[in-house]
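Me: I would like to go through this model term by term and ask what each label rests on. Please set each value against its criterion before concluding.

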There are 2 protein chains.
Amino acid sequence: MKDLNYDDLDVGYDVPAVPGMDEADIATPALILDLDALERNVKKMGEFAKSAGMRHRSHGKMHKSVDVQKLQQELGGACGVCCQKVSEAEVFARGGITDILVSNQVTQPRKIARLANLPNLGARTICCVDDLDNVSDLSKGAVEAGTQIECLVEIDCGAGRCGVTTTEKVVELARAIDAAEGLKFAGLQAYQGAMQHLDSYDERKAKTQIAIDMVTEAVAALKDEGLTCDIVGGGGTGSYYFESASGVFNELQCGSYAFMDADYGRILDEDGNRIDDGEWENALFILTSVMSHAKADKAIVDAGLKAQSVDSGLPTIYGRDDVEYVKCSDEHGVVMDPEGVLKINDKLRLVPGHCDPTCNVHDWYVGVRGGKVETLWPVSARGKAY
Amino acid sequence: MKDLNYDDLDVGYDVPAVPGMDEADIATPALILDLDALERNVKKMGEFAKSAGMRHRSHGKMHKSVDVQKLQQELGGACGVCCQKVSEAEVFARGGITDILVSNQVTQPRKIARLANLPNLGARTICCVDDLDNVSDLSKGAVEAGTQIECLVEIDCGAGRCGVTTTEKVVELARAIDAAEGLKFAGLQAYQGAMQHLDSYDERKAKTQIAIDMVTEAVAALKDEGLTCDIVGGGGTGSYYFESASGVFNELQCGSYAFMDADYGRILDEDGNRIDDGEWENALFILTSVMSHAKADKAIVDAGLKAQSVDSGLPTIYGRDDVEYVKCSDEHGVVMDPEGVLKINDKLRLVPGHCDPTCNVHDWYVGVRGGKVETLWPVSARGKAY
């Protein structure tokens, strides 16, 4: 945020920190990014994608940040962004991102009109489809706006959410898109969200193979119809190497690799090692402070349910095995401190259970390097859910 | 927001709706407030408190809204606000609320300085204390700001978070506050957060009695020291009638009663009825839309983990027993629809599992009455966690 005048801001009210400040002075709870770790993760994924001959369309639903996305494109070679909501797409388009996939269905009339306006903001605009009537609605929206929407047919390859489940349906939708004014058939969306967090590498491989088989069959059937897939997209932090080796996918959609979280950290690689122990580094933390220690063996910290999402479990405390975060209420976390080593105002780095919905409750990323605050990045699309 | 020019706003990007719009046209997911139900809840609690001879300091940590707080004061006779963070207190003070309790510890130097400045914004300022060093720090802050901070000694009466656990410690802290320049001893904070959600009325009664006994003993011991408690505060939506009948508490701190949620709704009153079946009405909903129905028995809706907190369970679907919200991911909810009654773009009202952290992910309350949008209220202190 080069245009932000930090002199006008109240630390703790407007922003949790300002550049130049010691990490120890950040107002907590705050999201901090270890910029060195983040840059290494981003670079590593970029190098992997390049060596595998894949495009990487980094998932902006995770970080909701124009600044992080630009880092992924500039340092990691990402080809563009995925996101899940039209309002997120608008933030990325207004922030200068020019290749945007809403990897989701857009069905409400007002949202279709807004999606169809995105090319007017300078962005290539792609969305997913799993319903024939929706094809007509999107076509009308694009024609009215005088723009083009590219459409991927979404295959439900195991996540159990949106998407069709048969090749017949894929072909039917692709033909409808191809025939519709204002639309362009652009390929397939096949993200297996449900298996990304399975601990076992072999289980994830087996589930991804089902997806690969479905997609291979669909691509072949489309080819028989004369329909080419510019994009065959999918893959996440727990599976990207499988899609990359498939010979049929050409775009990865990894998000969490850049920040990591406790739930992803636990999954195992091919050699049985946790993926946060070598493959990816924890770059995202919730910085929290001890605010009460009235009981000898228990510290109360200032990061509770409003500083994170606990849907995938409680946070872990980074770099410490002498204290443990065991409970959470709206504004408090209970940290067991059996030896009584913590004092009021001591700070801890928490690794959130689930990065995506945790980032979504914060307004700012505080970028730190070498114990100093280097930058502040807004969580630009925070709250953009509609 | 009388000063908001709705003509300048993009529905779906800046705001989920504008006044005058049909409820069916609200961009989803969005938080909606049934204004009739909200007003009835607020009025009812006000009448209860008045008849019980209690003050009600409504808990703003739940709604984080200056507008809701003003309704609670004007229609419900609330004497002021509780909140949990200095940054929330600043929002309420700047919004014109003049009696503010931060029902929590304030320990970091910068936060103490900001707390001590609140009286300069026109607000009576009260906070909680459970540590002797913190008394000195607060005193220094008040002296530096040239203001007065009132302090409540916090008793941990069962929540297991902040607060001291013996009368001896209560008296020690109260004497230190009384002797400290810039501070005023104002009484006791004794909120038993842990039992509010127990289903059984008798279990809640028994747990509250422990709190009442601790507080009664402490008030008597303080009286022996010549220290009077202006405020003896506590009580929540699951217990306010116990504190009100105690003869020792004089301020209630209920929050959730105004909106209700699925977790509170399940608890039972004295007669074994759910409290959302007569005692309080559901006034808060997440309005969500069906966005995919590619599987015959399953609808996918647009409210997932970023539109709510699921720490206390999944949302329920209001007024429907033919469909059930069974699963949640970042941007999707899975609704079982065995009869296939739902269609794409149909809307459902979800009752969130836990209102407080759910409100904290939204920017706006859409106030509806009779099927029309009547008003928009900002979630003024959303994200004010530090």
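This is a predicted model: local features need pLDDT of at least 70, side-chain atom pairs count only at pLDDT 80 or more; totals for chains, interfaces and linings use all residues.

Me: What makes the two copies related as by a two-fold rotation axis?

Reply: Chain A is superposed on chain B by a rotation of 180°, with 0.0 Å of shift along the axis and an RMSD of 0.0 Å. The two copies are therefore related as by a two-fold rotation axis. Within chain A, the C-alpha nearest that axis belongs to Val361(A), at 2.8 Å from it.

Me: How do you know that the copies meet through the same surface?

Reply: Of the interface residues of chain A, 100% are also interface residues in chain B, so the copies meet through the same surface. The contact takes 73 residues from chain A and 73 residues from chain B, and the two chains bury about 5800 Å² between them, 48% of it on carbon and sulfur atoms. On the side of chain A, the residues that lose the most area to chain B are Tyr13(A), Lys306(A) and Tyr386(A), together 14% of what that side buries.

Me: Why is the contact between Glu331(B) and Lys61(A) called a salt bridge?

Reply: The criterion is a side-chain nitrogen of Lys or Arg within 4 Å of a carboxyl oxygen of Asp or Glu. For the side chains of Glu331(B) and Lys61(A) the N to O distance is 3.9 Å, and the pair therefore qualifies as a salt bridge. The count between chain A and chain B is twelve salt bridges, and 41 residue pairs, both at pLDDT 80 or more, are in polar contact. Among the elements of chain A that touch chain B, β10(A) gives the most, with six residues.

Me: What makes β2 and β3 of chain A a pair of strands?

Reply: Pairing requires at least two bridges found by DSSP, and strand β2 (residues 55–59) and strand β3 (residues 80–83) of chain A have three, in the parallel sense, so the two strands count as paired. Arg57(A) stands opposite Gly80(A) in β3(A). Both strands belong to a barrel of eight, closed in the order β2-β3-β4-β5-β6-β7-β8-β9 (chain A) with parallel pairing.

Methods: Residues are numbered from 1 along each chain as its sequence is written. Chains are lettered from A and ligands numbered from 1 in the order in which they are written. Side-chain values use heavy atoms; hydrogens and water are left out. Copies are superposed by least squares on the C-alpha atoms of residues with pLDDT of at least 70 in both. Contact means heavy atoms within 4.5 Å. Helices (H or I, at least four residues) and strands (E, at least two) are DSSP runs, numbered from the N terminus. Buried area is the accessible area (1.4 Å probe) that two parts lose on being put together, summed over both. A polar contact is a pair of N or O atoms within 3.5 Å; within protein, one must be able to donate a hydrogen and the other to accept it, and residues adjacent in sequence count only if both atoms are side-chain atoms.
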